[in-house]
Amino acid sequence: MTTAAPFRGTEYQSRLERVQRRLRGTGLDGLLLTGMPDFEYLTGFQARVTWTSYSRILAVVVPESGTPSLLVPGFLEAEARSASGMTVRTYGRIDQPPIAELASLVGDVIGRTATLGAELVGETRPGMAPEDLRQLTLALPQLHLRDGAALMHAVRMRKSADEIERLRRACAANTHAFRRVFQGDLAGMTERDVAADLVREALQAGREWDGWTMPGWVAITSGPGNYDRFLGHPRPRVLEPGDMVWADLGVTVDGYWSDFCRAAV
């Protein structure tokens, strides 16, 4: 499943400019971003189902100046080009990682003797196996790999008005779901019933505005002796009068998350 870029106007150009300004003061010649959050943040290209498959690498190579370039599977080329407006290269095989194609892209965009930043520390993760990253450095023996996660973190910390609006909508969907479900009589329902109703009501709220509203997670527990499993999955346990029901709900709007919990008795 793919979608058009969720933001319009100058949003992505502003992000790129801020990233490239910071690059000039770090000693990095460019970035290799292969994790979903950073990739989507800079490109605007969302291919959520693809990220669940570890046989495919999606990458964006960002130079210190100029236009970034993407590497995606061939079947995503048209949509990646349309959503990002960037140069797109592709690969066909998925039975092996596209190391040769990625090395060629990095060499052409950044240089084969450059210092390259990648998602190496903190809460970020590269979207490839550690061995794939090692093979990339072997294919480019004069390339120096350093962390670029701190740079991306600093840029992404500053939210635009459009980003804040997505966060507000995601929180509004959570609020709507808890209000609608917890004001009813839950006795006789199962935890699974309550969880399904929470997700359904959150998605219903998302139909009121433009944007892609998706369920993120729902954790739930109930009843004496069960309150320590605060991140428990929904069970077929039937709720009884006097039980406390505790749920944690996450909703994402165009990739921007809400996350808060509520309890009811």
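Reply: Helix α2 covers residues 36-43, and six of its eight residues are buried; buried means under 20% relative accessible area, exposed over 50% and partly exposed in between, with a 1.4 Å probe and protein chains only. Helices (H or I, at least four residues) and strands (E, at least two) are DSSP runs numbered from the N terminus. This is a predicted model, in which local features need pLDDT of at least 70, side-chain atom pairs count only at pLDDT 80 or more, and totals for chains, interfaces and linings use all residues. Residues are numbered from 1 along each chain as its sequence is written, and side-chain values use heavy atoms, with hydrogens and water left out.

The buried residues of α2 are Asp38, Phe39, Glu40, Tyr41, Leu42 and Thr43. Just after the helix, Gly44 has a positive phi of about 75 degrees.

Helix α2 supplies at least two residues to the largest nonpolar core, which has 29 residues. Such a core is a set of buried Ala, Val, Leu, Ile, Met, Phe, Trp, Tyr and Cys residues joined through side-chain atoms within 4.5 Å. Its largest share, four residues, comes from α1. Val19, Leu31 and Val62 have the most contacts inside this core. Beyond four places in sequence, the contacts of Val62 include Leu42, Leu16 and Ile110; contact means heavy atoms within 4.5 Å.

A second, separate core of 24 residues includes Ala202. In helix α8 (residues 191-206), Ala202 is one of the buried residues. Cover for the buried residues of α8 includes α7, β7 and β8.
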